[in-house]
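Please examine the sequence and the structure shown below. The paragraphs that follow lead from individual side chains to the overall fold.

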Amino acid sequence: MNTTLRSAACAALLGLAAAPAMAQVSRSTPGQPEARTALDLMPAKAKLAVATPAFREGGDIPFENTQYRTNTFPGLSWTKGPVATKSYVLIMQDNDLLVRGAPVLHWTMFNIPASVTKLDVGMTAPPAGSSYGPNYKGAAQAYTGPRTPPGPKDHYHFEIFALDTTVPDPGKDYGALTAAMAGHVLASGEVVGLGEKDPMAPDPAPRPAPPKT
């Protein structure tokens with residue numbers, strides 16, 4: 001698939017606006033440096049072990065956990081953060097499919113209580129005290145699993161951050177969320193799964209070319 005068609009497929013699968021998205025959505029290419037995830041940008045000395053019952057580290061994400069089928073949350077657990085932990089933040093990103101050169105933001109959850117270290121399979125509401133944050137669709141979005149375009153498998157990073165504070169509601173502004181986290185990350189960790197286009201799903205219809213002016 002050439003770059004133009006791949007960008008069109010990416011835009012269609014993400015449901016982004018047609019004309020600007022065509023220029024802004026792209027895939028990383030072999031030899032290109034990987035887009036930096038939140039965990040890359042906010043490293044911590046202490047590590048959290050993160051796992052999911054749905055797939056092993058580096059394994060394939062089941063289609064039931066993607067938008068191609070039931071979009072069921074796969075479940076997530078992590079080791080307890082340092083004593084000073086006040087809350088956790090969850091960030092899910094695809095760093096192979098890029099929007100304006102940054103990883104696609106699939107899901108966020110903030111102010112997860114320090115006592116919570118597990119999110120159940122099929123979760124449909126955030127734990128008491130926590131809230132859904134922004135993703136590529138806007139503010140306060142529930143789990144939005146992969147919908148990988150045709151082509152190579154993408155890497156989906158489920159990242160957990162232990163903070164020594166809580167954060168204000170960022171609305172639809174991911175930058176506001178990470179700015180509030182900066183300087184407060186005590187520990188972090190991730191589990192990475194691979195997503196691909198469901199072979200049972202039809203290819204997205206190509207968008208019509210914009211009229212010539």
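This is a predicted model: local features need pLDDT of at least 70, side-chain atom pairs count only at pLDDT 80 or more; totals for chains, interfaces and linings use all residues.

**Salt bridges and the fold around them**

At a relative accessibility of 36%, Lys 153 counts as partly exposed. The side chain of Lys 153 meets that of Asp 60 in a salt bridge, with a distance of 3.0 Å from N to O. Asp 60 is likewise partly exposed, its relative accessible area being 39%. Lys 153 belongs to the loop between strand 8 (131-132) and strand 9 (154-163), whereas Asp 60 belongs to the loop between strand 3 (50-51) and strand 4 (76-78); the pair therefore ties together parts that are 93 residues apart in sequence. Side chains of opposite charge can pair when their charged atoms come close.

How many salt bridges does the structure hold? There are three. Apart from the pair already described, a network of salt bridges links Glu 64, Arg 69 and Asp 198. Glu 64 is partly exposed, with a relative accessible area of 39%, and Arg 69 is partly exposed at 38%. Arg 69 also forms a salt bridge with Asp 198, where the closest N and O atoms are 2.7 Å apart. Because Arg 69 lies in the loop between strand 3 and strand 4 and Asp 198 in the segment after strand 10 (185-195), this pair ties together parts that are 129 residues apart in sequence.

Is Asp 198 buried or exposed? Asp 198 is buried, with a relative accessible area of 2%; a residue counts as buried when this value is under 20%. When residues up to four places away in sequence are left aside, Asp 198 touches Phe 63, Tyr 68 and Arg 69. The contact between the side chains of Asp 198 and Arg 69 also qualifies as a polar contact, at 2.7 Å.

Asp 94 is placed in strand 5 (residues 87-99) and is buried, with a relative accessible area of 0%. Leaving aside residues up to four places away in sequence, the residues that Asp 94 touches are Pro 103, Val 104, His 106, Asp 154, His 155 and Tyr 156. One of these, His 155, is 61 residues from Asp 94 in sequence, yet the two C-alpha atoms are 5.7 Å apart in space. Another, Tyr 156, makes a polar contact with Asp 94 from side chain to side chain, at 3.5 Å.

The wider fold can now be considered. The protein has four helices and ten strands, and along the sequence these elements follow the pattern α-α-β-α-β-β-β-β-β-β-β-β-α-β. Three of the strands form an open sheet in the order 3-4-7, with antiparallel pairing. Strand 3 and strand 7 (118-119) stand at the edges of this sheet, each with a single partner strand, so one side of each is left without a neighbour in the sheet. Strands of a sheet pair through backbone hydrogen bonds, either parallel or antiparallel. Strand 3 and strand 4 run antiparallel and are joined by two bridges. Which residue of strand 4 is the bridge partner of Ala 51? The partner is Ser 77.

Some totals describe the protein as a whole. Of its 213 residues, 48% count as buried. Among contacts between residues at least 6 apart in sequence, 74% join residues at least 24 apart. The accessible surface comes to about 10,200 Å², and carbon and sulfur atoms account for 57% of this surface.

The mean pLDDT of the protein is 89, and 84% of its residues reach 70 or more. Over residues 17-23, however, the pLDDT is below 50, and this stretch has six contacts in the model beyond near neighbours in sequence.

Note on methods
Residues are numbered from 1 along each chain as its sequence is written. Side-chain values use heavy atoms; hydrogens and water are left out. Buried means under 20% relative accessible area, exposed over 50%, partly exposed in between (1.4 Å probe, protein chains only). Contact means heavy atoms within 4.5 Å. A polar contact is a pair of N or O atoms within 3.5 Å; within protein, one must be able to donate a hydrogen and the other to accept it, and residues adjacent in sequence count only if both atoms are side-chain atoms. A salt bridge is a side-chain nitrogen of Lys or Arg within 4 Å of a carboxyl oxygen of Asp or Glu. pLDDT is the predictor's confidence in each residue, from 0 to 100. Accessible areas come from the Shrake-Rupley method with a 1.4 Å probe; for residues, only the protein chains shown count as cover. Two strands pair if DSSP finds at least two bridges between them.
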